[in-house]
Every structure is written in structure tokens, then in C-alpha cells.
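Let's take a walk through a protein model together. Have the sequence and the 3D view ready, and turn the view as you read.

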Amino acid sequence: MSVKRRLYISNFLMLVMPVLLLILTSICLMLIYTGITGIREKPPLNYGELFSKRMEKVEELAAKQKSVTSKEPIQSDIDEFNRQNEGTGMNLSLYQGQHRIYPVSSTNVEMPDMNHSQSNVIIVTDQLAVYRAEAGDYALVLSDSNFTVNNHDTFEKRIYGGALMLTILIVVAIVTNRALTKFVFRSIMDPIQIIVDGVHQLRDGNLKYRIHYDKQDEFASVCVEFNDMAEQLSNMVEERKKNEINRRELIAGISHDLRTPLTSIKAYLEGLEKGVATTPQMRMKYFDTIKAKTASLEHIINQLFLFSKLDIGDFPLYMELVDIGAEMKRTMAAFEVEYSPKGLNLHYEQQFPQAETLIDVVQFRNVIQNVLENSLKYKDKERVDVTITWMENEQWVEMRLTDNGPGVSPEELGKLFDVFYRSDASRKRPDLGSGLGLAISSKVIERLGGRIHAELEPRAGLSIIITIPKYKGVKGEDDEENLNH
């Protein structure tokens, strides 16, 4: 369940629950004051006091009757008394013995037996209070049919029941509130804690740590983004380590490749200075060697300069829209003349494709030449065959230059395009090159929008695969745009 839905449900319940509790409380209070507590059935507190006051009045009338023998005066007093207390349930009657003699039309209330006493007496039952006062030959009887005995035990029990119901409602409200709070905050705090733990792992250097979050809520996308960030961070650190290693190897390679010809130049100059070359022929040989080593130094510095420019993107490419098949055919024809005497047999029996590509022709030829130079330098036989094949689709053209030379080990395959990389065997022979040719080729093809990589041939030899994208833009606009690529 999503956090948003949890919040909706929680807010809804937080609004509904107080209303429900208010309704329940109102019903409870209504029951307390009506049905359950029976407060309305309980006589008011001054009701007993009213009966006592009427008793005093009755005693006055009884005392008055004792002083006369006629009953007519008392009858008018009785009428006046009943009129004043009409509706209260009280009724005053005149009795002679056990018989009521006035008023004869009054409601007949079953009176308890009170003949056993000759004095004033009060009798209280659950629903009736009777007061009998002697009045000479007669007796005045005050009855109260609304009088009830207040049962305090039952009343207290009902009060306790009502209080218990209120307490239960309050407890239910508190428990519900805590459950809703936990229901909402747990779904928020738990994912936050998971993300915080992940951040701590990255902070402590554990870049391989990934968050495993199975719930499908708002935090799922955050965890995915966190894992992507961790992956990118890990790749950046690995790339930085690799660049640092490459930088050290670059410095070591530059130092090695510059030191070797410089040492030779220094040695030959010292030989000339000390007169080791005693004949003109020897001195000329020394000078030729110094010139060759100087040219080698110049070539290395130029290659290094070119690589640096390509690496920082400061080397301008002069892009042209060319038929890559026709251009490759011209290039191979020229290189065949150059490399055939050196022991390189070029084969391109397959028909060259007709596809337009946007390339720097000069730099593209340099790439092909670098590949052929490597096949020539590292050949292990007198003549080496280099076969050029093609593949193409709607998006790109792929050319494969395969030689039947010694190839490289699988461990070296991924390092061929690293700057100054040379195999251990070739490092023992500085004349085989500086290790910049394929690195420069890789940078050039990358700038052309393609890619270059190497594969081992199953039998023997090495294949260099160059992929160039076909031209898809509008002629004219892209030409101008790519002139300064």
C-alpha cells in the first residue's frame, strides 16, 4: 500500500473516529441520564422535604381538629389542602377508624393497616408514603403516591457502569490513535531508515552496497535512484582508478620511450667527442644514427601531441561526405604499393560497399595505416596476409582487417588501445613502436562517431574491427556543422 493511500486512510479515520466517539458518548450520556441511571425516576432531593412540610401542615390541621367536635371545618381545610397540592401526588383524607369519611370521591388508595397505633405514624413503602395524624375522634391521613425510595446502591452501580463505558471509549480512542499513528509513520520511517543505512554504507566506502526494497510505494523509485547513483559512483571510482593507472603507465611509457633514443644520442655524441669514430665513414655512421634517433624522438613527440589534442578534443577534424567504399578502395590501392615490398599482402576480394559517411579522410587513412603498421611490425613470418572484409546495415558500416600474425593473448586484447600499451615482448624492442598508434586510432574513430575494437582469430592472428556510422543528415547543413568537429 502506498504512503499516500495510508495517509488518506489515516486522515479519514482521524476525522471519522472523533465523530463516532462523540456519537457514542452522547448515546452513553443519554442512557446515563435516562435509561441506565434512572435519574428521571429518582425523586428530587427536595421532594422529601416537601412531604415533611406537608406533614407539618397536617399536624397543624390535626391539632386544630382536636379542639372542636364538628368535622365540617376540617373538611374545608382538607379541600383547600388538596387543591394546593393538586398534581403532586399528595392527597389528604379524613378517616374515622379504618374508614375514610372525607372526601368520599377521592381516589381510593390502598392504605396500609395503621390501627395498631393511636399516635402519629408514617409508613413508607417503595411507591407510597403515608402519614397518619390523630385528630381527636378522627385521623388525618396524608398519602403521597409519587413518593419512591431512592435506591442509592442501584444508582451508584449505574453511575459506575456509565463511567466504565466512558473509560472504555477513551481507551479505544487512545488505542485507535496510536494504531493509526503507527500505521502511517511506520510506513514512512522504515524506508527512510533503509535509505539512511544505505547512505552510511556508501559513506563508509562500501560502493557495492545496494538497497533491496520490495514494496511498491513512493520509496521504491527513491531506492531505484539510490542504486543507480551507487552504480554510477562505483563506476566513477573504478574509472578514476583506471585513469590513475593509465596516467602512471603513460608517464612511465613517455619516460621509457624518450630515454631510449636520448641515451643512444648521448652515447654517439660522446663517441664523437672522445674520438672513438676515427674514420670519416664511422663519423658519418654516428651522425646518421643520431639523425635517426632524433627523428624517432620527433615522431614520438608528434604522436604524443596528437594524442593529447584528440584526448582533450582540441584537434580539428575536417569532415567530408565520402563514399566509404570508394575511399577504402583508393586507400588500399595506395597502401598495397607501399606495404607489399615490406612483406604485407593485402586482400580485399569482397566488393566494397557503397555508403556515404562523414569522415576526415586524412585521419581515417592514418587509422588504416596504424593497423597495417602493427601487422607489419609484429609479423612472425616473412610475409603476412591482411584480409579486408565488410559488413553493413542501415545504420553503420563495419570493416574488419584480419592478419595471420602471432596475435596477442586474451589478457592483452582489452589493452591494445590503451595509450603506450605494448606487450612484454615488444617492450624489449623499442623499434617496434611507441604504443601510441592504436590509441590515436581509437580516439580518431571515437571522434568520427564510430568504435574500434580487436578480436582474436580462432586459428591465429588478430582482427581489428572498425565501425563507422552511415551519413543520415541533410547534406550542406551538417557539412558546415561538422567542419569544426
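What you see is a predicted model, in which local features need pLDDT of at least 70 and side-chain atom pairs count only at pLDDT 80 or more, while totals for chains, interfaces and linings use all residues. Residues are numbered from 1 along each chain as its sequence is written, and side-chain values use heavy atoms, with hydrogens and water left out.

The chain holds 12 helices and 12 strands; helices (H or I, at least four residues) and strands (E, at least two) are DSSP runs, numbered from the N terminus. Of its 485 residues, 36% are buried. Here buried means under 20% relative accessible area, exposed means over 50%, and partly exposed is in between (1.4 Å probe, protein chains only). The chain exposes about 29,700 Å², and carbon and sulfur atoms supply 55% of that area. Accessible areas come from the Shrake-Rupley method with a 1.4 Å probe; for residues, only the protein chains shown count as cover. Among contacts (heavy atoms within 4.5 Å) between residues at least 6 apart in sequence, 64% join residues at least 24 apart.

Now to the helices. Two packed helices are described by the angle between their axes and the distance between the axes. Axes are lines fitted to C-alpha atoms, for helices over the stretch in contact, and angles run from 0 to 180 degrees between N-to-C directions. Angles under 35 degrees count as roughly parallel, over 145 as roughly antiparallel, 65 to 115 as roughly perpendicular and the rest as oblique.

Find helix 11 (residues 437-447) and helix 8 (residues 361-377), which pack at an angle of about 150 degrees with their axes 9 Å apart. That angle makes helix 8 roughly antiparallel to helix 11. At their contact, Gln-363, Val-367, Asn-370, Val-371 and Asn-374 of helix 8 meet Gly-437, Leu-438, Ser-441, Val-444 and Ile-445 of helix 11. By class, this contact of helix 8 with helix 11 has five nonpolar, five polar and no charged residues. For these classes, Ala, Val, Leu, Ile, Met, Phe, Trp, Tyr, Cys and Pro count as nonpolar, Asp, Glu, Lys and Arg as charged, and the others, Gly among them, as polar.

Helix 11 also packs with helix 6 (residues 280-312), at an angle of about 30 degrees and with the axes 10 Å apart. Helix 6 and helix 11 are therefore roughly parallel to each other. Their contact includes Leu-306, Phe-307 and Leu-310 of helix 6, along with Ile-440 and Val-444 of helix 11. The residues of the contact of helix 6 with helix 11 divide into six nonpolar, two polar and three charged.

How many of the 11 residues of helix 11 are buried? Nine of them are, so helix 11 is largely enclosed by the rest of the structure. What covers its buried residues includes helix 6, helix 8, strand 11 (451-456) and strand 12 (462-469). Just after helix 11, Gly-449 takes a positive phi of about 90 degrees.

The axes of helix 5 and helix 6 come within 9 Å and cross at roughly 160 degrees. Helix 5 and helix 6 are therefore roughly antiparallel to each other. Among the residues in contact are Leu-258, Ile-265 and Leu-269 of helix 5, and Phe-287, Ile-290 and Leu-297 of helix 6. By class, the contact of helix 5 with helix 6 has 16 nonpolar, four polar and three charged residues.

Is Thr-263 buried or partly exposed? Thr-263 is partly exposed, with a relative accessible area of 47%. Phe-226, also found in helix 5, counts as buried at 6% relative accessibility. Leaving aside its neighbours within four places in sequence, Phe-226 is in contact with Ile-195, Gly-198, Val-199, Leu-202 and Ile-211.

Finally, visit the strands. Ser-143 is found in strand 5 (residues 138-144) and is buried, with a relative accessible area of 7%. In the loop between strand 2 (99-102) and strand 3 (121-124) lies Pro-103. The peptide bond from Tyr-102 to Pro-103 is cis, with omega near -15 degrees. For background, most peptide bonds are trans.
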